[in-house]
Amino acid sequence: MRRDDIRHILVIGSGPIVIGQACEFDYSGVQAVRALKEEGYEVSLINPNPATVMTTPGLADHIFMEPLTPEYIEKIFEQAGPDAILSTMGGQTALNLTMELQKRGILEKYGVKVIGASAEAIERAEDRGKFKEIMTTLGLESAKSGIAHSIDEALRVKKEIGLPLIIRPSFTLGGMGGAIAKTEEEFIPLVENALEVSPVREILLEESLIGWREFEMEVMRDRDDNAIIVCSIENIDPMGVHTGDSITVAPIQSLTDAEYQKMRTASIDILRAVGVDCGGSNVQFAISPDHERMIVIEMNPRVSRSSALASKATGYPIARISAKLAVGYTLSEILNEITGESVSCFEPALDYVAVKVPRFELEKFPLPASALGTQMRSVGEALALGRTLNEALNKAFRSSEQKLEGLVELSREKYDVELLARSAHPMRYLALYTLIKEGEKDLEKLSEETGYDIYFLEALKEQAELDRKISEGLDEALYREAKMAGMSDRRILSLSHLTKMPYHMDAVSHYVDTCAGETKAKTPYCYLTYGEEDEGEALGENAVIILASGPNRIGQGLEFDTCCTLSSQAYRRRGRKTIMVNSNPETVSTDYNTSDRLYIEPLCPEAVLEIMRKEKTRDVVVQLGGQTPLNMAEALEKAGAHIVGTSLESINRTEDRELFSNLVRELGLRQPENRMGHSREEVFEKAKEIGFPVLLRPSFVLGGRSMFIAYDEESLDEFFTKMNVQVSKSHPILVDQFLEDAFEYDLDAVSDGERIYIGGILQHIEAAGIHSGDSAAVFPPYKSKPEILDQMRRWTLKLAKELKVKGLMNIQFAEKDGKLYIIEVNPRASRTVPFISKASGVNLIEVAVRVFGGEDLVKQGLLEEGEEIREGRCITGWAIKEAVFSFDRFANVDPALGPEMRSTGEVVGMGRTFGEAYAKSQAGANNILPSRGRVIISVNNKDRVTIAPIAKALQEMGFEILATKGTARDLFNLGILTDVVLKVHEGHPNIVDYIRAKKVDLIINTPMGFHARRSDDDIRTETIRAHIPYTTTTSAASAAVEAIRYIQMGRYTVRELPRK
Amino acid sequence: MKKAILKLKDGKEFSGIAFGAPIKLECSEVVFNTGTPGYEEILTDPSYKGQIVTLTSPMIGNYGIAVKDGESSGVKSTALIIKKLYRGSVMKGRLSLDEYLKKEGIPALEAVDTRALTIHLREHGSQNGILFYEEDRAEAEKKLESYPDITKMDLIEQVTVTENIYNPELGEGRTSPPSSPDMHFALIDYGLKRSIIENFYKRNIAVTLMKASTTAEDVLKLSPDCLFLSNGPGDPSLLKNAVALARECMGKIPVEGICLGHQIITLALGGKTVKMKFGHHGSNQPVKDMDTGKTFVTAQNHGFMSDEKSLPGSVRVWMRNANDNTVEGLYDEKKKVYSVQFHPEAAPGPEDALWIFDYFKEKAKR
């Protein structure tokens, strides 16, 4: 029964995307908010992440894009008056925040009840010691372990259990700070690090189960003690790799019913004992290779990445049901919406196999061979469904968009296959495939050595066998077999040595119905397969296919998913049917009620064309899902698709470097000098022609991969030698004039081909050279001349008219010495569209969809007749977007910013003043600026002049300033006296000593350039580890001064987004 | 790899690749089971006697056959229909599914569009079918044409014990009979799953396993604490002897049952049973205890059910299926009669209803 003792519920979001906490929490949050609204509750939402669907006006009653700190939440309690908070939808962030609110007595003060998981249940599940005790009382086995709060205690535990040991800090997300200590030497440093990252300085040292099999159960339990397993998941990768980094399959494949039921019963017993009584949890198990021992690893008393995956793998909406349970319902009171007939108190039965393949950013965050461990490193994941394991595996690898055309052998030139086969590495399963395909016969030995269940090695053998037959000669029967095994035409073609595929087989669709066909499905969630009966009826020409963005990666993630989701809603409001295609299980776009039909399929032309044929429609939207769909546009149009909005020809004119240069010239605009080098010598030559500094990059860029700024010939040389860059006729390197210290801008607009509506112009805080996705950006521009802004508007209009842009366009500009340059034009939605839409109060996606439907901007009421340009305004005055990084996951990555995008997420700070907005953006990014204390300044020569007024202001605001020798000397010469702190190599106590002792409250440290990297690397990595706020540019430091001024006023203001 | 065909009575055909033992042109009712693991338990469940089982779970044979997990002495279903057979190696001490079926003489078909078959059975109801190689088509079709409906076949004789046995041993890896039992049940074998006996042993209950032809007199002579009617295959309304046995014992000793036993009890109480369109076969059926309001997930395998309207007023509907509201359990306190339609012993399936055995024991106490 619905709880009537609560009226108004605050849902806590998970904040910015970081590794281990991504858009799955947008998905769960959206489901929760909808479920609660349906029940008639007033719903408030706090989440400073502007890229989310959940912060779309109209979804919750009150939306606050404010920092996730107790202070701001308290303010919301005061202002909006919720009487309950839902703690389980915002990942570890929301759980920790709930515990903090409880500890500080804030919940009690405002009479706010915790729903979802109680503080006690969270404590029991998260506190490793308590959890272990509970396992013992349940008669379940957990790994031998000990708790330590200090190095001495850790050494005692090591003596008892012996190495290798798994080290896990308590209360961290995504296994952060976790590691495996195999040797005596690495033990103490790993323990130190783990103690550091645990907010309670507590770690668990555990017997190593490396090489065991790993399993997960997604469990729901209600207040009447009804409990169900929504989904069982088997990790194909053995223990020792974080489940988020593992290839997984649902349901469990290799356990007998007796083994499975033992695990199932244990999961339910655990939820009962921990006290999860109105929601979902994830329980993880390990089973020894001989299946003799079953060990409970851990449980998460909340929705999680795994539960989002389980929802998409089964069709069972865990977050939605969890929210209903949280407000008092029982499982048997809730209808299963997928069937519309059965109740939610049942266990989904699957007649397909669901495989998840994680996606890594090996180019941006290179990993040594054995780098995977207890800490999650992947940035995204792809899900594929197939009728057989191999079909799902082949589809999932293709879906991961890592240039893997299914189960494929690794190139021996590129990889040390033997090493990878025995290391925890993302390419490990494919390394095993390579060995098997090359003739390895002894699968039992391979299984013993690697910990992979023989079942999953046999799957590889079967694929290798099929590959071999195809290479020996393809016939139609074999082609059919290959299609049914999930192989792409492209892969079959390359194996068969044919140039043109002589065969074709139509794909069919199956519905995900939660019940293996037992009841007819009412919701439209499908996948494609081959050689079986087709179930779907075509939606017909009224339907439009929206191509989403696939697995999250750096530079292409949640923002684009939000664009796709909002476009589906906009289309449906206008009476058109929508078909969403995506492979990313974490997203809202793959929720079963976002579109009229959903296909979980790899984002490749082959699948999209089959969907077009099946659905009997040609309209395809490619401009909302980032670069992935855009790259398919040509292949799709050639095969008969109608690309909605801006034409393919125009897309090509902006994407192709030469065409684009011509366009810029024809329109009389300006872009930085640019050349192309096809050999090392030519690159040098062109660089000299343009003049240093130059920006080097490959064509067709996504997120700025392998970009580099060379200041002179020497550093250009280093680019080739140290960064292992290859250049050839077919892989030229682009050489651009680099506009040092230029101001950069992002402009997002919608055009109907004749006029433009500019959502807003963003000015970057960091100067050119820092990737736009990594830079903080201010809306509206905070220091620029009106005439420059005017020029941007006029240029945008020119481009829009010339290209006949229909829909969204994004332009990046740079301004140096009063001159405007176009850096790039993207004829598609950009990362900043959701942010601009919310900050300006105009849903640009909706505007674009209306343009697609033929409603020009005048008809939409955005422009007056005869007007050509209009522009949005920031609704609060100032909105600042700050990039958020996951550097704390990669101990050895330098957090200094550069032309390569490396941020994983973003937050917004909104305020009446610049200071307020910036302070909030930093707090949201968990870079909480101090109001007093000690600042250390260490900047490069170039920045010494710019830093002076900043140092002075900080001094006047009461901060004590320490500077490194050179900085201190130059500041002194500029009339500012500071104390001197030693650099690392200068002795003790040095900067790092201060950082480690936490005797510093803010660090301003700009990179010293390519040559002096080592010493300042240490400063920045230590700073991150110590959680001390820092800035790596002087412009950010200057913004920080404004923010500190705001903070010193001691007010926390929360601003509700205007309702729609 | 030889191709073969499954043909249904209504004419629909499904092709696949034969494995297991050679096809013997045997007709049977075709049903589907939606459980995920548990093919070994399903194959050996005597309730599937006279049925061709389709598994909706697509990957089958993955962990081989452990033999000790079997629910009776061998495969009871006529044939097995699946999407994909695992042909790789299995753990030491286990047999591969293909080897096992060959040994048991059971034919099977893989590479079948089991989803289309399931949907067909859902839409058109369970019905007879036959497996054959193309060359045997004419003979197979003739057989299928004349083969009787399951409602006309007494299958019990083929699965019941031939001799009454006190406390039978259940085999390696299974619970032994209690040495000093505190109760004794007369357990009628209509095609019993051994997990039912095991659950009695675990609760310190001795059993006398008795033939299906047992009479009330035979039972009462043993003065057991309870008459317990097992699960089993086929249409309960054909089992006149069983119904009489139950009716005659009612009021004298507690009478309890599972699945077919529950249906026999329904008939003995004066109610009726009806055939369901495609039944409940799987490991995910939610059942609600009407007395406590609690819902739990159960293993089920039945094509017939109690007709609620026909139940006399003294009988209370104890359990209901939370999806379709059908009767899943009943009792008559006065007569000390208790029964459930689902399988509390699971095997395969969730163990959430094991408490029913405690309840059965409690209710059988004098």
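1. A word on conventions before we start. This is a predicted model, in which local features need pLDDT of at least 70, side-chain atom pairs count only at pLDDT 80 or more, and totals for chains, interfaces and linings use all residues. Residues are numbered from 1 along each chain as its sequence is written, while chains are lettered from A and ligands numbered from 1 in the order in which they are written.

2. Buried here is a matter of 20 or more other C-beta atoms within 10 Å of a residue's own, with C-beta atoms placed from the backbone.

3. Contact means that the C-beta atoms of two residues, placed from the backbone, lie within 7 Å. Neighbours within four places in sequence aside, the contacts of Leu547(A) include Val581(A), Leu603(A), Val621(A), Pro629(A) and Met632(A).

4. Next comes a sheet in chain A. Seven strands form an open sheet with mixed pairing, in the order β18-β19-β22-β21-β20-β23-β24; strands pair if DSSP finds at least two bridges between them. β18 (507-511) and β24 (642-643) of chain A are at the edges with a single partner strand each, so one side of each has no neighbour in the sheet. β20 (543-547) and β23 (619-621) of chain A run parallel and are joined by two bridges, with Ile546(A) partnered by Val621(A) in β23(A). Helix α19 (558-573) of chain A lies across β20, β21 (577-582) and β23, at about 165° to β21(A); axes are lines fitted to C-alpha atoms, for helices over the stretch in contact, and angles run from 0 to 180 degrees between N-to-C directions.

5. Strand β30 (756-764) of chain A is worth a visit too. Nine of its nine residues are buried, so β30(A) is largely enclosed by the rest of the structure. It pairs with β29 (743-751) of chain A in the antiparallel sense over seven bridges, and Gly753(A), in the hairpin of these two strands, has a positive phi near 100°. β30(A) also pairs in the parallel sense with β34 (869-871) of chain A, over three bridges, where Ile756(A) stands opposite Ile869(A). Two further bridges join β30(A) to the antiparallel strand β31 (777-779) of chain A.

6. Helix α27 (833-840) of chain A has eight of eight residues buried, so it is largely enclosed by the rest of the structure. Lys838(A) is one of the buried residues, and Gly841(A), with a positive phi near 75°, follows the helix.

Terms used:
Buried ≥ 20, exposed ≤ 12 C-beta atoms within 10 Å, placed from the backbone. Helix = DSSP H or I, 4+ residues; strand = E, 2+ residues; numbered from the N terminus.
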